[in-house]
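Hello,

Here is the structure I promised to pass on. Please open it first, then read my notes below.

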Protein chains: 2
Amino acid sequence: MSDKSEKSNKLKARLPRGLADRGPAEIAATREMIEKIRAVYELYGFEPVETPAIEYTDALGKFLPDQDRPNEGVFSFLDDDEQWLSLRYDLTAPLARYVAENFDTLPKPYRSYRVGNVFRNEKPGPGRFRQFMQFDADTVGSSSPAADAELCMMAADAMEALGIPRGSYVVKIWNRKCLDGVREASGAPIEKTLQVLRAVDKKDRVGLVGVQELLAKGRRDESGDFTKGAELSVAANNFITYSLTPMGVGYSTDQLFPHEVLRTADTAPRKPFEIGEFRSRIMAGLGGRAFPIDLEAGLIELTQIQELVRRAGYTDRIIIDETVVRGLEYYTGPVFEVDLTFPITNDDGKPVRFGSVSAGGRYDGLVSRFRGEPVPATGFSIGVSRLLAALQHLGKVEARAEAGPVVVTVFDKDRIADYQQMVASLRNAGIRAELYLGSGKFGPQMKYADKRNAPCVVIRGSDEKAKGEVTIKDLIVGAELAKLEKGREEHLQKQAEAQRAVPEAQLVEAVRAVLARHKLGPR
Amino acid sequence: MSDKSEKSNKLKARLPRGLADRGPAEIAATREMIEKIRAVYELYGFEPVETPAIEYTDALGKFLPDQDRPNEGVFSFLDDDEQWLSLRYDLTAPLARYVAENFDTLPKPYRSYRVGNVFRNEKPGPGRFRQFMQFDADTVGSSSPAADAELCMMAADAMEALGIPRGSYVVKIWNRKCLDGVREASGAPIEKTLQVLRAVDKKDRVGLVGVQELLAKGRRDESGDFTKGAELSVAANNFITYSLTPMGVGYSTDQLFPHEVLRTADTAPRKPFEIGEFRSRIMAGLGGRAFPIDLEAGLIELTQIQELVRRAGYTDRIIIDETVVRGLEYYTGPVFEVDLTFPITNDDGKPVRFGSVSAGGRYDGLVSRFRGEPVPATGFSIGVSRLLAALQHLGKVEARAEAGPVVVTVFDKDRIADYQQMVASLRNAGIRAELYLGSGKFGPQMKYADKRNAPCVVIRGSDEKAKGEVTIKDLIVGAELAKLEKGREEHLQKQAEAQRAVPEAQLVEAVRAVLARHKLGPR
């Protein structure tokens, strides 16, 4: 059939790197998860909207997480009319386009949610894919911090709906205006903003000492790689570091270098963030200079959010955290993330917190680009696969493969219509059932049924046909039977259960009995 | 705020042609439809699988419907490693790649289904999009006509599950082997195969006379456009046309030209296809030459499918139709389509049959390309938007917008936490509710509630606050009230219903009463 030259010419079946197929268990778990989140969002009055995977490149903008390679990281192609099209790399930029395009007909504020695949043309790595699913919710047209607070509460409610225990997740909020204000107050020049942002963003990973190094000359990590620093003045570095120091650690800025002090502070038990204490630190550092307007505005917003959170009874789940930055450059106000706090083992075998499964913030500039007028907006995104991995880790998702269909075996190919009728009678009773459609004899058919995870097979060979019977073979009992000692009472009983001949007319009833025995039942 | 130069610089918010956004009603209707189809497929033992939107271009092959432009019609881009990637243009080619890649671990035969977006880089037109959703089911690894028959029955069951009345849909089957055989028997050269296939494919649209013209010199349509014909001999043309003549029309092939005879035959009441009569016609036309092997094989398969269909009781819904061709070149055996037979009005205001919503067939060569060994396969695809349009036409899909959330209005921005708490108490009772987050006064808030399709709004102004009350305004009754004559008893009663003040503690109860009045209730 296939000689060697033909074989070597044949096409290789493989996926491009960073792309993955999904099987039944993952699909079912994802669907269940999405439905639970959707129910929460609907309860909050959010309505669904979907946009296509392809947009004009200019409509997506250059708001990529990795600003070192602007406009790289996106799959793009030239259209017939010489305009560039791109696959969306998130669901926020397309939403901004959608709202701007339908501005006059949409209710404002406009609350909406959407789930869909996004594409990143990046170097894939462990857990990093070039196509992955996001689940976003956004409120466009409200500048009120109540909109941000609502999203944080909705995120918390979603975690609860998924069965993640309280205490195992936390929603952390900070404000870009505060970070900008701290940078300004520190005296660090405005062109260092992005570098400051990135250094602070790494605090969870590198510690406060690491942030200090990244704000100074740079930092060498354990692998020996060197990241160049922002080269701020010692004063500016101290100022920023001090603003990030855990509450209750009362040293003054000139104590911050050398590192010794910080090492202690870093491991000190964390106290809840206090807006008042934070403000006092900044005031002390300013030494009489004016309090930055941005910082003041940011703190007022955080105070409002904190009050809403307190009144709604979410204080134990939604906290202020001055290290929340989020990588995206387009955020303009409150930024937030949902962290899972339970430990998992990392690649090096060390226990680490599971970390962020969702993040978002206010992006007042994104819709405005199209409208030429201010359109405030805020939203957040759930990484679907990452959250699913968390749920699997917590055992909140069915890991066991679902029971397969009942398999009706084929003994006489000329009577396939008879077998087909048996299958139809099972299906009509609401029982998942299928006819063996391969060309194998009994052995391969049983192997097939095993692979399909069938609870039982239906057999109608010449013996059965002569007697007007069918045999039902219970594969689950059969598997148990193989482990038992022969001749014992239990073995004999199981043997009777494992295989049973019944009159043809009782086929459905007998299969139902097998399903009931294993608590499977019709769906 | 926005001066003129800024306005003219702003980005235009628009979608590339052939792409569309989807709103809540369409999303909900699509989800409901997909769930119903999915339940049928699961009952048949099919399991879900999903592949990514991006594949290696060579893995997708050139199996595009429009063979005039091979490899055009696909969105492609070059990867970092100089390999071409493409967006999938259907779900069949990726399935073939998936099965070939996972051949050893999959059960065989392998029944699976999948739903997802596909992309065509074609000139869009009315109802033609560059991204659209398909819902496919396939059986790989079985060469049995029972696999094809099963798919046809499953398609019929899906139509029933969607509420399409029996008689309003029909599954039509033919066989590529028969069409090839007829072409061979007619004496038309093998290189004319594709042209013959396309001419026959157009029979529904252009009639038998039109097919004859397309097999001869060509055909000019009503708009004046000319399609070049296959330029077959009169004998070959007659042979093929005769094979397509309705059953019971008993003229001989030399009567077929001129057209007069066919005009009559074309409008004659259609009789069910008879394999026997068809065979006799071919025999007569062959005049002693050998019956083509392909044709014989195809007719045997159709006979087997017909018997399975009959025994399963689907004769009224699954019929043999010698004009079913389907555009895709990769089909190798049975081909089938689901036609909706009820009339709709076309763009010219004329009544036409709704037509095909689903199609498929056997494609034994597609997986083999990767494996170097034969892997038979058969499957079919539902055009999701097209089927949804049909269901909307039949009134099987909720057209009315769903009731929106209860809107809690805001009178005193300093007390937003109070309003937020009212919203939370409603949500905790399972009632969709939201806080007005805009900056508008009462008028805009009521307009917003209208736009959100809110059943009622909750008001707590200074009056209510002083009395410890909230006012519930029933917007549905309010709308009815506006149409009634004032002062009448009904008007007075409605007036009492339209607005009601209750103690704060009775908020949830009072809102529940409004929802119950309109049979909305918590979800």
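Predicted model: local features only at pLDDT ≥ 70, side-chain atom pairs only at ≥ 80, totals over all residues.

**The interface**

Start where chain A meets chain B. Chain A puts 98 residues into the contact, and chain B puts in 97 residues. The area buried between the two chains is about 8600 Å². Carbon and sulfur atoms give 55% of that area. On the side of chain A, A:Leu11, A:Arg14 and A:Leu437 lose the most area to chain B. Together they account for 9% of what that side buries.

Which helix of chain A gives the most to the side that touches chain B? That is helix H2, residues 24–43, with seven residues. The side of chain A that touches chain B holds 44 nonpolar, 18 polar and 36 charged residues.

**Strands in chain B**

Strand S11 (residues 334–345) and strand S12 (residues 351–362) run antiparallel. Nine bridges join them. At one point in this pairing, B:Thr345 stands opposite B:Pro351 of S12(B). S11(B) and S12(B) form a hairpin with five residues between the strands. In that hairpin, B:Gly349 takes a positive phi near 80°.

S12(B) also pairs with strand S13 (residues 377–383) of chain B. This pair is antiparallel too, and five bridges join the strands. Here B:Arg362 has B:Thr378 in S13(B) as its bridge partner.

**One residue in chain A**

Last, find A:Glu337. It sits in strand S11 (residues 334–345) of chain A. Is A:Glu337 buried or exposed? A:Glu337 has a relative accessible area of 9%, so it counts as buried, the cut-off being under 20%.

What does the side chain of A:Glu337 meet in a polar contact of 2.6 Å? The partner is the side chain of A:Arg326. Setting aside neighbours within four places in sequence, A:Glu337 is in contact with residues including A:Val170, A:Val171 and A:Lys172. A:Val324, A:Ser356, A:Ser358 and A:Ala359 are also among its contacts.

Best wishes

Methods
Residues numbered from 1 in each chain as written. Chains lettered and ligands numbered in written order. Heavy atoms only, no water. Pairing = 2+ DSSP bridges. Helix = DSSP H or I, 4+ residues; strand = E, 2+ residues; numbered from the N terminus. Contact = heavy atoms within 4.5 Å. Buried area = accessible area lost by both parts, 1.4 Å probe. Nonpolar A, V, L, I, M, F, W, Y, C, P; charged D, E, K, R; others polar. Buried < 20%, exposed > 50% of the residue type's maximum accessible area, 1.4 Å probe, protein only. Polar contact = N/O pair within 3.5 Å; in protein donor to acceptor, adjacent residues only side chain to side chain.
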